[in-house]
Amino acid sequence: MSILSPTAATAPSELIKKRPKLLTAERLKGTKDRYDLIVIGSGLAGLTVANRLGRDGHSVLLLEQHYNFGGMATWFKRQNGHIFDISLHGFPVGMIKTCRKYWTKEIADSIVPLKSIRFDNPQFSLQTTFDREDFTRILTQKFEISPENVAGFFDFARSMNFYDDQKLTTRELFQRFFPDRTDVWRLLMEPIAYANGSTLDDPAITYGIVFSNFMSKGVYTFQGGTDLLIKSMKAELHKNGVDVRNYAQVEQILVEGGRAVGVVVNGQRISARAVLSNANVKNTILDLVGEEHFAPEYVAEAKGVRMNSSSTQVYLGLRRGETLPFIGELFFTSTHPTFDSEALTALECTSRTYSFYYPEIRPGTDRYAIVASINSNYRDWADMSDEDYLRWKERYAEDAIRSLERYLPDVRAKVEHVEVATPRTFKFFTQHALATSFGTKFEGLKVSQDLPKQLPGLFHAGSVGIIMSGWLGAANYGVIVANEVDRYLRGAPDAVAKETA
Amino acid sequence: MTENEVSKLILDIIHDIAPDEDLSDVKPEVRLRDQLDLDSMDFLDIVMELRKRHQIEVPEAEYMELSTLAGCVKYLRPKFEAKAAARA
Ligand SMILES: Cc1cc2nc3c(=O)[nH]c(=O)nc-3n(C[C@H](O)[C@H](O)[C@H](O)COP(=O)(O)OP(=O)(O)OC[C@H]3O[C@@H](n4cnc5c(N)ncnc54)[C@H](O)[C@@H]3O)c2cc1C
């Protein structure tokens with residue numbers, strides 16, 4: 001018997017078969033012929049752009065190919081009351097301000113800090129609140145690094161910005177401050193690798209920017225779960241007059257007279273004065289628009305954009321009535337001797353991060369769930385035969401449970417639902433190139449930002465450049481691009497007079 | 001348009017962007033981000049509000065002109081006056 005719970009949805013192949021019947025013109029009933037802006041995709045960047053510009057009086061249509069809105073900020077429910085969050089492991093404190101300003105006070109007020117984050121690997125075992133103070137304590141007391149050196153590193157990381165040297169890699173940065181201290185590197189790098197898929201060979205500025213954002217004031221989560229967050233966001237979109245449609249697959253971005261003028265969605269044409277794509281930046285340029293509309297140098301640049309890694313997740317739902325002791329919300333575990341970016345994504349998995357969801361995450365419920373996340377390469381999974389695919393999924397589930405038994409000896413008996421999502425699953429649900437969980441490497445940011453210069457009226461917002469990734473990065477990048485779209489819409493030749501406040 | 005009037009229009013915008021900030025004692029010559037809890041996203045919002053409310057466009061290369069209240073007034077006053085003249 002399989003360790004996996006019987007459920008059709010574990011195999012995206014079942015859903016793939018059903019899809020053509022769902023993507024119908026009926027989904028678009030009542031849409032207007034023309035909008036100020038069409039947003040393709042409802043990830044946090046797409047949602048935030050739509051809300052920001054809808055609230056400012058632009059007419060906005062948001063099209064999402066999936067049933068749920070939220071992109072990778074998502075969740076799923078299973079029989080017997082199980083509910084699993086995909087990407088609610090944690091985000092930086094800045095999310096509070098972003099939600100307060102671009103969403104609602106209620107959303108911002110539901111953001112709460114995680115209490116305890118743990119590490120266990122052959123180099124160290126420790127617990128932290130994940131802020132500068134606590135990291136300083138750990139680095140000076142446990143790792144015996146001088147306080148000056150620690151402060152020097154934090155200050156240097158903080159001071160790094162976009163215009164700094166892009167040649168310096170994170171490995172070189174670590175080597176400069178903590179020569180050969182691979183234990184320190186691991187503490188500083190492992191969480192970031194899980195947060196954005198970056199490696200020791202990515203530019204140090206991406207590390208510096210993310211690190212000073214992420215590790216200065218703890219890690220936060222959304223009380224109520226991803227389902228409540230997205231439900232609240234949808235309500236706000238409705239309030240602001242945004243027309244939102246699901247099962248709406250954009251097949252093509254229409255170009256006329258050198259400008260983006262609309263889309264083809266579920267076989268139907270809809271016009272717009274501007275189009276913003278929250279789909280993968282490479283897909284947007286090469287598939288949705290097509291190379292012929294761009295300068296060859298730009299096409300070459302777009303083709304050269306590398307993606308960050310994908311993910312595999314094991315979902316463990318506890319039987320009703322079963323409980324867990326509090327052992328922290330986030331637990332980075334590994335049996336690999338040192339931090340190694342290659343090993344972190346290898347099919348032979350040695351490292352996984354557990355997220356523990358206690359009932360407090362959804363006040364009013366009494367359920368517990370555990371999600372093990374593993375960084376993976378799409379290519380390792382893409383071409384497996386069906387039998388191999390099932391076997392690997394079973395193995396990931398078994399290993400995730402067995403490894404957990406070291407810390408929670410009786411956990412196996414408490415688990416009722418077991419399910420695995422792989423890079424193939426993520427590919428199906430988000431359509432990202434190489435099923436990337438965290439967008440593109442650094443060079444993708446420039447390609448994304450240059451898009452409107454290449455094709456006026458077309459914008460991109462979504463996880464790019466490592467620094468614009470994660471919930472906060474994607475939402476904030478959405479705000480930045482919304483400003484560009486607003487400028488275009490208000491300045492464009494056919495701009496209709498807009499209401500002034 | 002007087003400097004005071006321009007200053008008030010700017011503070012109105014900041015108040016809407018950062019409703020929790022106390023704006024009763026903003027020092028004109030001190031950088032706004034050093035006395036208020038404003039970050040680069042907030043400055044983007046100021047730029048967007050100027051466009052929406054007053055049809056004033058601030059190119060990205062000139063964002064730094066907005067770093068102090070006095071700087072805002074100096075930089076924006078001619079723009080406000082040009083708009084007023086165009087309307088008259
Ligand atoms: C397993 C996992 C764990 C993660 N954990 C965290 C975490 O703990 N904290 C954190 O901050 N971040 C986390 N992330 C990253 C975070 O979820 C993403 O960076 C962020 O949600 C991406 O938002 P986005 O706006 O780039 O769009 P995406 O979420 O990528 O959404 C894009 C949307 O566009 C839609 N779309 C694409 N093409 C089309 C088309 N042609 N027509 C219509 N719709 C289309 C897709 O269906 C999708 O809904 C995690 C990601 C994964 C995969």
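A salt bridge links the two chains through the side chains of Lys52(B) and Asp56(A), with an N to O distance of 2.8 Å. In total, nine salt bridges are counted between chain A and chain B of this predicted model. The rule for polar contacts finds 13 residue pairs across the interface of chain A and chain B, both residues being at pLDDT 80 or more.

**Interface of chain A and chain B**

- On the side of chain A that touches chain B, the elements that contribute two or more residues are helix 2 (44-55), helix 3 (94-102) and helix 19 (470-491) of chain A.
- Helix 19 of chain A gives the most to this side, with nine residues.
- By residue class, the side of chain A that touches chain B consists of six nonpolar, three polar and nine charged residues.
- The contact involves 18 residues from chain A and 21 residues from chain B.
- About 1,600 Å² is buried between chain A and chain B, and carbon and sulfur atoms give 46% of that area.
- Within chain A, the residues that lose the most area to chain B are Lys97(A), Asn483(A) and Arg487(A), which together account for 30% of what that side buries.

**Architecture of chain B**

- Chain B contains four helices and zero strands, and its elements run α-α-α-α from the N terminus on.
- The radius of gyration of chain B is 12 Å, which agrees with the value near 12 Å that a compact globule of 88 residues would have.
- Taken along the principal axes, the C-alpha atoms of chain B fill a box of roughly 35 × 25 × 20 Å.
- Of the 88 residues in chain B, 43% are buried.
- Among contacts in chain B with a separation of 6 or more, 55% are between residues 24 or more positions apart.

**Salt bridges within the chains**

- Over all chains, a search of the whole structure finds 47 salt bridges.
- Arg171(A) and Asp201(A) form a salt bridge in which the closest N and O atoms are 3.1 Å apart.
- Because Arg171(A) lies in helix 7 (residues 170-177) of chain A and Asp201(A) in the loop between helix 8 (182-196) and helix 9 (204-214) of chain A, the pair ties together parts that are 30 residues apart in sequence.
- Arg171(A) counts as partly exposed, since its relative accessibility is 34%.
- Glu190(A) and Arg186(A) also meet in a side-chain salt bridge, at 3.1 Å from N to O.
- These two residues are four residues apart in helix 8 of chain A, so about one helical turn separates Glu190(A) from Arg186(A).
- Both Glu190(A) and Arg186(A) are buried.
- In chain B, Arg53(B) forms a salt bridge with Glu49(B), the closest N and O atoms lying 2.9 Å apart.
- Arg53(B) and Glu49(B) both belong to helix 3 (residues 40-54) of chain B, where they are four residues apart, about one turn of the helix.
- Arg53(B) and Glu49(B) are both buried.
- Salt bridges with shared partners join Glu348(A), Arg395(A), Glu398(A), Asp399(A), Arg402(A), Glu405(A) and Arg412(A) into one network.

- Thr221(A) is found in strand 8 (residues 220-222) of chain A.
- With a relative accessible area of 6%, Thr221(A) is buried.
- Leaving aside residues up to four places away in sequence, Thr221(A) touches Leu88(A), Phe91(A), Ser110(A), Ile111(A), Val112(A), Leu114(A) and Ile361(A).
- Asn68(A) is placed in the loop between strand 2 (60-63) and strand 3 (75-78) of chain A.
- Asn68(A) is buried, because its relative accessible area is 17% and the cut-off for burial is under 20%.
- Not counting residues up to four places away in sequence, Asn68(A) touches Ser42(A), Thr74(A) and Trp75(A).
- The C-alpha atoms of Asn68(A) and Tyr247(A) are separated by 8.6 Å, although these residues are 179 residues apart along the chain.
- Helix 17 (residues 423-430) of chain A is mostly covered, with six of its eight residues buried.
- The buried residues of helix 17 of chain A are Pro423(A), Arg424(A), Thr425(A), Phe426(A), Phe428(A) and Thr430(A).

Methods
Residues are numbered from 1 along each chain as its sequence is written. Chains are lettered from A and ligands numbered from 1 in the order in which they are written. This is a predicted model: local features need pLDDT of at least 70, side-chain atom pairs count only at pLDDT 80 or more; totals for chains, interfaces and linings use all residues. Side-chain values use heavy atoms; hydrogens and water are left out. Contact means heavy atoms within 4.5 Å. Buried area is the accessible area (1.4 Å probe) that two parts lose on being put together, summed over both. A salt bridge is a side-chain nitrogen of Lys or Arg within 4 Å of a carboxyl oxygen of Asp or Glu. A polar contact is a pair of N or O atoms within 3.5 Å; within protein, one must be able to donate a hydrogen and the other to accept it, and residues adjacent in sequence count only if both atoms are side-chain atoms. Ala, Val, Leu, Ile, Met, Phe, Trp, Tyr, Cys and Pro count as nonpolar, Asp, Glu, Lys and Arg as charged, and the others, Gly among them, as polar. The radius of gyration is taken over C-alpha atoms; the globule rule is 2.2 Å times the number of residues to the power 0.38. Buried means under 20% relative accessible area, exposed over 50%, partly exposed in between (1.4 Å probe, protein chains only).
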